[in-house]
Amino acid sequence: MCGIVGINGAPDVCFDLLAGLKRLEYRGYDSAGVATLFNKEFHRQRAEGKLINLERIVKEHPLPGIIGIGHTRWATHGGPTTSNAHPHQGQYVALVHNGIIENHRELRAGFDQTLFQSETDSEVVVHLLDAYIKKGYDHAAAIQATLPQLKGSYALAVLFKNAPDTLVGICRGSPLVIGHGKEGRLFLASDIFAFADYCESVTYLEEGDWTELKNGTVTIYSHGSTHPVTRPSLPISADIASQATKGLYRHFMLKEIMEQPEVLQNTLEKYAHSEAWLTKMPTNPWKKASGLSIVACGTSFYAGCVAKYWFEEIARLPVAVDIASEYRYRHPALPADSCALFISQSGETADTLAAARFTKQKKIYCASLVNVAESSLAREVDQVFQTYAGFEIGVASTKTFTTQLIVLAALTAEVALLRGEISAEERATLQKDLLMLPRLVEETLKIQGSLQRLAPQFERVKAALYLGRGALYPVALEGALKLKEISYIHAEGYAAGELKHGPIALIDDKIPVVVLAPHDVLFEKILSNVQEVLARKGQVILFTDNDGARALNTLAEGMQVCILPKVCSFLAPIVYTVPMQLLAYHVAAFKGTDIDQPRNLAKSVTVE
Ligand code: M6R
């Protein structure tokens, strides 16, 4: 995923573009660039690596003009070099692009190859538009002629020399929003976050829209036409702007971990307070569904894996959980009376979106669970559940995972009631448990100091194992993912009972083995697995509650024990996630890695 921004009507536009890019840097940080149009000439600066490199250059050589575009890139086609950095420019056109032009090779073949200055898929759009302008088309006609030739997804911000007062935005398959600023200043960006504190209202472009931002006026057209359409402008809440800063924290990730009690509470208020309990949930198809397919990527996939335990045990609903990039290609058998749930923080992950479209085509009822209410995945399904986690800027998902879990837990309880698997009283008990979660998570966060003290032990560690059983197994997978993505230590999650079938060969006196062991029905089982590790001198770090700690007896001497609050087994996955996040965070902080923007990653991956 890349971030794009365009501004019309700002004196010193290049600095406002940089400020917008700073907000979008979480979307990609391999290279960045800005271009302005002034005196019928493009002025451009680009730099490899993080935005700070570009900022240095622009500070020394500011770009003139009041209209401009900017880009922060997560490399897909072509390496993270300056020549592949956006904006790309031709004789008459300069543009920035987020998305993929799937038929770029075919289109490229139609041009004189010496025209191309980059290996990107995006540059071909410049030359297509340029070619029409050369033939005498105006910018609108050039757009109309070009768009039907493009396959794939795109959000584009474009400058045309023959329309020097106009900033053009085009979107299909990738989001683009318009910000209405003060004194006629207009903004285009991949998300509202880029301009939330400069603008009072926002307009979300719809699929296939293109727009002209000119002299303080916005005109929107649909599907390449030149007949204006109306899209609503919505006020931007002050809360969104305040989420843009780290406050007292060193990293967004830590801020977002610490925000969990609050955002869990916000999410619960929508779903689990007596009158609001999933009130909008249609009884069909959940009541009669023969099965549920859950499809997602990364952390969201692990949320789906936890939900499988819940749905099957409590609602007796058979669940298949798939990694989105595998799902379509394995030709899944989807009974007509089954339903599907797509989980995605961003709602823009290409693999998950493609999986949802594939499922819709099969006429299966599709629901999504997203954090971004206006996202494509929210727009394209039959039913949407939202998490109220607020913006998550740290690339590693934290608060969005626990809020996904809380919605999935509430949904499980509701579906179980609908299907007659639990009584109203039993549901009320689950609800009561859910409502205690923000306080339990707040208490769990107090373990932070001891995890920070543990972190130096990981200094020279090459690999770590995470073990859990039951619904704690996906939490072990998520804990391992957190550690590897921000500290670059290789980590694997295993179902503890599986250890003896192979991974036990990895155990020696250097490998930390993180064990998630609440004192529940599986406690004795996992303890046997822990003994297998201790017998081979593995360095066990065990997370349990007071009852578990007591039951360990002398065994506790051979390991490090971290005590968490007592929680019912239904909700243990949510509470036990928190120390996994904190452990990964403090190991990474100790190692000094780039926690909010780990190498090679982007916040959401909008390419397949
Ligand atoms: O936006 P999504 O939830 O669809 O993103 C899916 C994954 O890319 C994401 O969960 C990723 O694994 C996390 N950032 C890891 O912390």
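## Close-up views of a predicted model

**View 1. Helix 4 meets helix 5.** The axes of helix 4 (residues 123-134) and helix 5 (residues 139-146) approach within 9 Å and cross at roughly 130 degrees. Axes here are lines fitted to C-alpha atoms, for helices over the stretch in contact, and angles run from 0 to 180 degrees between N-to-C directions. Helices (H or I, at least four residues) and strands (E, at least two) are DSSP runs, numbered from the N terminus. Helix 4 and helix 5 are therefore oblique to each other; angles under 35 degrees count as roughly parallel, over 145 as roughly antiparallel, 65 to 115 as roughly perpendicular and the rest as oblique. This is a predicted model, in which local features need pLDDT of at least 70 and side-chain atom pairs count only at pLDDT 80 or more, while totals for chains, interfaces and linings use all residues. Residues are numbered from 1 along each chain as its sequence is written, and side-chain values use heavy atoms, with hydrogens and water left out.

View 2. On the helix 4 side, V125, L128, L129, Y132 and I133 make the contact, and helix 5 contributes H139, A142, I143, A145 and T146. Contact means heavy atoms within 4.5 Å. By class, eight of these residues are nonpolar, two are polar and none is charged (Ala, Val, Leu, Ile, Met, Phe, Trp, Tyr, Cys and Pro count as nonpolar, Asp, Glu, Lys and Arg as charged, and the others, Gly among them, as polar).

View 3. Seven strands form an open antiparallel sheet, in the order 5-6-7-8-12-13-14. Strands count as paired if DSSP finds at least two bridges between them. Strand 5 (88-89) and strand 14 (228-229) are the edge strands with a single partner each, so one side of each has no neighbour in the sheet. Inside the sheet, strand 6 (residues 93-101) and strand 7 (residues 152-160) run antiparallel and are joined by nine bridges; look for V96, whose bridge partner in strand 7 is A157. Helix 4 lies across strand 5, strand 6 and strand 7, at about 135 degrees to strand 6. Helix 5 lies across strand 7, strand 8 (166-172) and strand 12 (209-214), at about 15 degrees to strand 8.

**View 4. Strand 11 and its antiparallel partners.** Strand 9 (residues 177-181) pairs with strand 11 (residues 199-204) in the antiparallel sense over five bridges, and V177 has Y204 as its bridge partner. Strand 11 also pairs with strand 15 (residues 234-235), again antiparallel, over two bridges. Here V202 is partnered by L234.

View 5. Three bridges link the parallel strand 21 (residues 463-468) and strand 23 (residues 512-516), where L465 stands opposite V513.
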